[in-house]
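Hi,

Here is the structure I promised to pass on. Have a look at it first, and my notes on the sheet and some helix pairs follow below.

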Amino acid sequence: MERFHLVCRACRKSRKFQLALERCSCGGSFVVEYDLEQVQNTLSKESLLERPSTMWRYWELLPVRDSSNIVSLGEGWTPLVRLHRAEKALSVAKLWVKREEQNPTGSFKSRGFSAAVSIAKEYGVSKVAVNSNGNAASALAAYAAYAGMEAYVFVPQDCPGLIVEECVGYGAHTVLVYGLIHDAGKIIQDGKAEQGWHHVGTLKEPGRAEGKKTMGLELAEQLAWKLPDVIVYPTGGGSGVIGMWNAFRQLKELGMAHGDLPRFVSVQEAGCQPLVDAVQAGRFAEQNSDVTSAPTGMRVPNPPDGDWLLSILRETNGTAVAVSGEEIRNASIHLGKLGISSSPEGAATWAGFCRLREQGWIRPHDEVVLFNTSHAMKYMHWPVKNVPIVKNYADWVTHPRRM
Ligand SMILES: [Zn+2]
C-alpha cells in the first residue's frame, strides 16, 4: 500500500494520489491521507531529534515518494518567539509569534511551494504557473528556478513592487493583471492547456496545503507536543488553516498530540472579509463586489474552499475577525515596540488578538499563537518598471512585452 492517497471530503471515496486532480467527480475537494501505521514505523518524537531543521523533517507526512525529488531551500523550523511583556500587559497566560518571515523567500509560502514543486518534479513537470497576491508568486519563482522549471506568475496590478521585482529577480515570467487574484487565476485556467502550465494556485493541487501543514506539525513540536488554545491566523485562500487542521488531526491519530484542537481565528482586513461574513451568516458566500482592502495576502474575495474553512472555524469553536487598515498600521507600530517587525498580515493578527482579548473571547488562561506570515520589508514602497500589465489571457498572448 502506498504511504499516501487522496480521499474526497464529501463522498469519502479514495483514489491513488495524482498530480493535478482538482476535485472529485462529486464536486468535493480532496485531502491527502496517509497510512499512519507505515508512518509510525519511522516517525516518532525521538526520531525527530536527529533530523534536519527544515520542514522535510516530517517527510513521512508529505506526499513525495522519492526523496531525490525534494526541492528544498531550507524552509521551515522558523522561530516561535514568546512575547513576555505583552502577556503581562494584556493578561494572557502565554503569547507567541511564529516568525514565518524567516523562511527562504521571506514568507510562509516557501513551505507550500517546496512541497508543490517537489511533487511537480516527481511528475516531470517543466512549466508551473500561479496566481497570487505576491508572496506565493515569489515563492514559486524561487523554487521553480532552483528546480530548473519555468515559472509564470500573475499578480494584481497593485501588488507590492518589491515582491514583483523579487519574481523578476528569480527569472519568472512575471505579469501584472488588471483586477484581483481570481482574475489572475482565470488567465492560467484559460491558458493552461495551450501553454502546458501546471497550475499551482491555492488548492488546485495537494502540495500547497500539505506544505503549509508543516506549520502545525512544527508548532506542536516546538511546544513540546502540547497544542496551544488559540491560533490567530491571517486568512486569504486559507490553505494554512486547512493544512494546520490536518496536521493536528494527524498528530492526534498518531498519538503524538492530545487534547482539543486549538480554536482557529481567521483575521481579514475589513473590505475583503468573506470568512467574517460567513461566520456571521452561518454559511459561506463569495464576496463578489466592493473589495476595498489593501493589496495583502488576505485580499482573497473568493477562497476556493470557503465552506471547508468555515467548517474548521466551527469545529474548533473558532471565529473570524475583520480589522481596519488603521488598526493594522497601529498594530505594526505596537509590534515594532515589542521588538517584532511585521508584515500587514502579521500585524493584522495582533490587531485581531487585541480585539478578542478585549471582548473576553480570548481568556486570561489561554495560550495563543500569532502568525507573522511575511517579511515587513517586502511592503516598502517600490515602483515597478518594465513588467507587462494585461487584462486577460488573449491580452497576454498578444502582449508586445510578454517575456
Ligand atoms: Zn467525492
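Let me start with a helix pair: H10 and H11 cross in the right-handed sense (left-handed means that the near helix is turned anticlockwise from the far one by less than a right angle, right-handed that it is turned clockwise). Before I go on, note that this is a predicted model, where local features need pLDDT of at least 70, side-chain atom pairs count only at pLDDT 80 or more, and totals for chains, interfaces and linings use all residues. Residues are numbered from 1 along each chain as its sequence is written. Helices (H or I, at least four residues) and strands (E, at least two) are DSSP runs, numbered from the N terminus.

Back to that pair. H10 covers residues 274-281, and its axis lies 10 Å from that of H11 at an angle of about 60° (axes are lines fitted to C-alpha atoms, for helices over the stretch in contact, and angles run from 0 to 180 degrees between N-to-C directions). H10 is therefore oblique to H11 (under 35 degrees counts as roughly parallel, over 145 as roughly antiparallel, 65 to 115 as roughly perpendicular, and the rest as oblique). On the H10 side, Pro274, Leu275, Ala278 and Val279 meet Gly306, Leu309, Leu310 and Leu313 of H11; contact means C-beta atoms, placed from the backbone, within 7 Å. By class, that makes seven nonpolar, one polar and no charged residues (Ala, Val, Leu, Ile, Met, Phe, Trp, Tyr, Cys and Pro are nonpolar, Asp, Glu, Lys and Arg charged, and the others, Gly among them, polar).

The other pair is H5 (residues 135-147) with H6 (residues 161-169), whose axes come within 8 Å and cross at roughly 15°. These two are therefore roughly parallel to each other, and their crossing is left-handed. Asn135, Ala137, Ser138 and Ala141 of H5 meet Ile163, Glu166 and Cys167 of H6, which gives four nonpolar, two polar and one charged residues.

Now the sheet. It is open, with six strands in the order E4-E5-E13-E10-E11-E12 and mixed pairing (strands pair if DSSP finds at least two bridges between them). E4 (80-82) and E12 (319-323) are the edge strands with a single partner each, so one side of each has no neighbour in the sheet. From one strand to the next, the twist averages 25°. H11 (residues 306-315) packs on this sheet, touching E11 (263-269) and E12, and its direction makes about 130° with that of E11.

Cheers

Conventions:
Two residues are in contact if their C-beta atoms, placed from the backbone, lie within 7 Å.
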